[in-house]
Amino acid sequence: MKNNILQKNEIYNRQFAVLIFFSALIFKLSRLPRLVSVTIGNMVLMVELVLCIIDILLFILIYYYISINGFELSQKNCPIALKILLVLLLIIFTGKFILYYSSGATFIISSLFRSIAPYIIIVTFILPIFYLAYKGIVSIARTAEIFFILVIALLFFDYTFLHGEMDFDRLKPLFTMSVGDFTVNMNSFGLWIGDLLPFLFIKMKKHKFPYVALAVPVTYGFIILNIIISIAIFGGALFLIENILVIIPTFNEFASTLGKLEWAGLIPWFIMIVIYLSCLLWGCFEIGEFLFRKRTVFAGIYVGAIIIFLLSVKSMQYVINMATTQFVSIAFWCGNSILPLALLLVAIISKRKNEKQKIMPEKENAPILLNAPGKHEVTSSEIQEKNSVNSTTIVLPAPSNHGGEK
Amino acid sequence: MNKILRAKWLVVFLALCVMIFFGRSVSINVLTDNAVVLGLGIDYTEEGYDVSAQSIVPQASSSGNASSKKYVIFSAVDKSLSGALSQIGEKMGMIISLTHCNIIIVSKDALEIGLNEEIQNLVNGWFLTLHALIVGTEEKPIDILSAETPVSVSSAEYLQTLLLESISFSNLTRYKVKDYIVDNYTQSAVSAIAFLERAELPENSVSSPTGETISTKQYEYNLTKNIIVGDNVVPFTVEKDIAQCINFLKIKENGGMLTIDFPEGEVAQLEIISTKGKLKFSEGVVEASIKMNLVLREFVEEDEAISLFLISEEKLKEIILKTEATLTQSLKNTFQISQETNVDFLLLAEGMYRKFGYTWEKPANFLQNLEFKTSVQVTFKRG
Amino acid sequence: MIQIEQTLEEMKSIFLGSSDLFVRKLVSGGTSLAFVFLDGLTDKDLLERDILRPLLQAKEFAPPYAETLRQTTFFSEEIKQYDTAEEICTNIAQGDIALVIDGAEKFYLFSLRKYNTRSIVEPPSESVSRGPREGFIEDMKTNVSLIRRKIRSPKLVVDTVKVGKYSSTPISICYINGVVDDNIVSKVKERISKIDIDGIIDSDYIARFLEERKFSIFSQVAASEKPDIIAAKMLEGRLCVIVDGSPVVLTLPYALVEDLQDSYDYYNNSWRSSMVRAIRLMGGLLTVLLPGAYVALQSYHYQMLPLKFLLTLLSSIKGLPFTPEIEMLIVLVLFEILSQASIRMPRLMGVSLSIVGAIVLGDTAVKAGIISSPAVLVTALSAIGIFCIPDQVAQMSILRFAFLCVSAVLGLYGILFCLIILVCYLASINGYGTPFLAPFAPVIVPDLKDSIIVDSVIGMKKRPFSFPNKNRNRQPVEKTENEK
């Protein structure tokens, strides 16, 4: 029996597909439509379409980066360039995290409680996010796998029994301004691309079934479908809706018997936002560990600083409004689109350097510790120790070979 | 002390700290401190908004039987809706909760000044549900709310029953808060709301389970008409057939009955199974089409009902043609009223905008210069 | 050379003059002998019949004494030899019989242990409607024999070690060689060998030492009192640990899904078993989440309740002196008190006290207006549901209090974030190469046929992939066309 040992930050492509579904969907579907509707009126569908296309293109870059083990190769062969890019990426991730976190927290405060002090939500909301991020991407992926069943079941219930008096003519006209004006207004939405960037640091264990290839069109298709349904129901009043994922289930055939079915949207929303924010925070921790070597210290200081910042600003809505300001938005546009390209370039250069140096690629099933530059080479006794049942590495069946004695 | 034991004490200590912290910082909201508002009435006077709220006050019952409950109506006047609601809450000594408020009765005066932003505030700040129904009336909303009805002690509950639980067998206008807000953000910005007329029931028409007649006045509600409201529009009512045409064109789910009168005194009673109304827009022309699936329920000839199986095929064709003609005429009448009042309650301007895009501009005398074509197709079967 | 009187005095002093230490002196073939043993731990009948009588009748008793004893006595087991009195006394304390021979170089040991044990009955905590009803008892040898009767293979290995400075408790590690992973066996042996404790009273002591996460409320070692369950787990590739003096046998590795499984599932129709497992899971979730959800909906999210139910609820809670959080806490604590009292109360008083508890406390408290009937209903559902997964009673009991406290301050939001933290915590536990939430996280597709949906025995051709195994095939696997 050939047992496969997972390496650090290695997840199955099925788990990656689940994470893609949660990450890509959560903010584009819940908070962005209202923002677009308030900012530029009825062009929500076009804005979402453009952002989804950009995200898909970015994901192709990210996927290629992961498949060539870009992070590991760059660490070995171009550490300085990688450090510079990761510092910039950390700034982008920090801004994104603060804005997304504020967005989620304000929704919780306004919709789940009649009157609660914001600091309570700020302090408590970080707990599950920090815990998951600290545990690592493997734990996040497994948690997402467990909750995926619940999320899909609830979404299925929501959409199967949707009873919303939809008028698809409300989608027209598709353009309510000229292409030039539209392009200029798109500057305000730089924050909302690059949601899948935190996965630059993962390793993927492939399965013959193309879960990831299936997840991407399904996810983005689901986003567009939801936008279409929302516009069909609300038309020009979409700005009224703070969170589409939560409001859609209230248009349900069973609402008269089961009550307001907000919880059927709230539960998936909450799960997805926690999973995604923890992925984002985990990405920050990975960068921090690479730059500063001490993960725990960095994690504590980083999260503490974010919480202190949020507690000291006059209101979180003020923080969220910053996302659409010109300067911040353009910074996000540049960061979210250029940095992955630059990282991929560095990875390709590293790969070529690697090939030139004729370093053997990693053997299949050999556990190799992720060494930051400067650490000692792993000895065979360390490998044996890592392989022992006392370790945190997992022994799982070969995905394409379920059973069969050797 | 070993690690595990220390961890346990630490957990107990942390739990205590957390409980003290949250105990002091989070205020516990007891359910019985909330007044569950079933129906809201909004009127507008010189002093401001006159808001009345019908709430339910459950009586304590160990078995939890909710049949022992009483309804109270409180009202207040303030410059803003939120102010008036707060005053009502103070009077009741409870927190007003609009989460289960499914009926909003609005007076003509309040509709005239427009309630779009106010209703949005109720949705955002007071958790008013988007599915709450709006009903217009010429009377005072508080009188409607406090009226006794034979079906239910609560007027709001009776209205809910009429409008929400009879979808399949009545063709009343079910205009929701969501529709009101959405229609206000169209090019036309006009709404066609259900119009409530109250009629007193004759004496002795309602008796109690013990056989005694109830002496207090009981009312029934008529919601067949619509009231047209909008920006810079003086609200006016339209009759049942116009209201029905508006519903056929705007709403997919239509039910109820159609009565077709013949010149010879014959009457055909048709039940609406399904309707499909469509407005097709082209340059300067609007084509309104209705496809309807009906079932013939009753045919009366010379004051006598005829067995449906004895009606000849020619008679059926005649009924179909007459139905189509009646509906076509109703459509034309609907557009004519829209033209005469210069109020675009069919949302034709919005339709043009959707068809021609953002470059389209609403011309002056838009309705007067618009050609309105109609097409009605009816299919039906015997009962 | 042993001086018999001197040696006997030495042995008596080692036992500090214990009154249950017996010395039986005799002369056999002219040689003075003495049998030393503890009363109550040995089979005196066998001693007299198979050892004493032949020795008394022996005409000669000469060295080599080991050979002489083998030839003279009717003892079937190996006669062990020891050099010092201390060593032999340790064995006497465990129930063996020492033979002191005047003039000999060594002490001789006969193992004729016999103590009163209870009969093999159905364990009270694991009763079944169908299937074997045998249960383990406190005697390790009997327990091992019960397993051997299920797995009649020479590949069933039983390794015995002794743990405990004063108890010297024998602990057997049983596994099927060629099926269980060698790393797991060596790891378990290593951990047991490192135990330095004064005494082992129950198998749970060993379980604590074998766990990966010592601070966790979740046990990472499975336990059962039924030989058929243990044998089935061993056939799947686990090892078991039998502790003398405890009827509870441990198995490793462990995944949480095992608590959802019961022997009933495999002895019945798989359709019914699948349904029952889903109900168990539902019962478990209701137990943990229902009290908290009830409080959260009442306190913070009543807008989600349908109007009719809300009105019923309002009528029920009108006039109550306590907030929903306090009310639910009171009812849960009352149920816990009832539960503990019912375990410990004498059987004769059990019925009447049950009536007092259930009817008087529940019904009368509602009529007195102290608690509401929905609260009693919710708690009753939770209290019954907890026994759908009996092995997790302790954990679910703690968790429902935790969720209740969190929901009291943070409502549904609090429940959700606690649930996410809990699931993440469980997902991060890996014991002996086994993810705790396998086969759900990570999803291990072949093992899903024995998770909530149960396949029939015919379909279970492979051993679980959730933990390491040496041999995956349980039944012959049909070859595909390519393989042919």
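How far apart do the C-alpha centres of domain 1 of chain B and domain 2 of chain B lie?

View 1. The C-alpha centres of domain 1 of chain B and domain 2 of chain B lie 30 Å apart. The model is predicted, and local features need pLDDT of at least 70 while side-chain atom pairs count only at pLDDT 80 or more, although totals for chains, interfaces and linings use all residues. Residues are numbered from 1 along each chain as its sequence is written, and chains are lettered from A and ligands numbered from 1 in the order in which they are written. The domain assignment of chain B (bounds from an automatic or database domain assignment) gives domain 1 as 31-238 and domain 2 as 241-383. The contact, for which the C-beta atoms of two residues, placed from the backbone, must lie within 7 Å, takes 19 residues from domain 1 of chain B and 20 residues from domain 2 of chain B. On the side of domain 1 of chain B that touches domain 2 of chain B, the elements giving two or more residues are strand 7 (190-200), strand 8 (219-230) and strand 9 (233-238) of chain B, and strand 8 of chain B gives the most, with five residues. Here helices (H or I, at least four residues) and strands (E, at least two) are DSSP runs, numbered from the N terminus. The residues of this side of domain 1 of chain B divide into eight nonpolar, ten polar and one charged, where Ala, Val, Leu, Ile, Met, Phe, Trp, Tyr, Cys and Pro count as nonpolar, Asp, Glu, Lys and Arg as charged, and the others, Gly among them, as polar.

**View 2. The side of chain B that touches chain A.** In this contact, 13 residues of chain B meet 16 residues of chain A. Helix 4 (116-125) and helix 7 (177-184) of chain B are the elements that give two or more residues to the side of chain B, and that side has six nonpolar, six polar and one charged residues.

**View 3. Helix 10 and helix 14 of chain C.** The axes of helix 10 (residues 270-299) and helix 14 (residues 373-385) of chain C come within 8 Å and cross at roughly 155°, and helix 10 of chain C is therefore roughly antiparallel to helix 14 of chain C. Axes are lines fitted to C-alpha atoms, for helices over the stretch in contact, with angles from 0 to 180 degrees between N-to-C directions; angles under 35 degrees count as roughly parallel, over 145 as roughly antiparallel, 65 to 115 as roughly perpendicular and the rest as oblique. Among the residues that meet across the pair are G283(C) and Y294(C) in helix 10 of chain C, and V378(C) and G385(C) in helix 14 of chain C. By class, this contact of helix 10 with helix 14 of chain C has six nonpolar, six polar and no charged residues.

**View 4. An open sheet of chain C with the strand order 6-7-9-10-8.** The five strands of this sheet have antiparallel pairing, two strands being paired if DSSP finds at least two bridges between them. Strand 6 (156-163) and strand 8 (222-224) of chain C are the edge strands, each pairing on one side only. Strand 6 of chain C pairs with strand 7 (residues 169-176) of chain C over eight bridges, and T160(C) has S172(C), in strand 7 of chain C, as its bridge partner. Helix 7 (residues 203-210) of chain C packs on the sheet, and its direction makes about 20° with that of strand 10 (249-252) of chain C.
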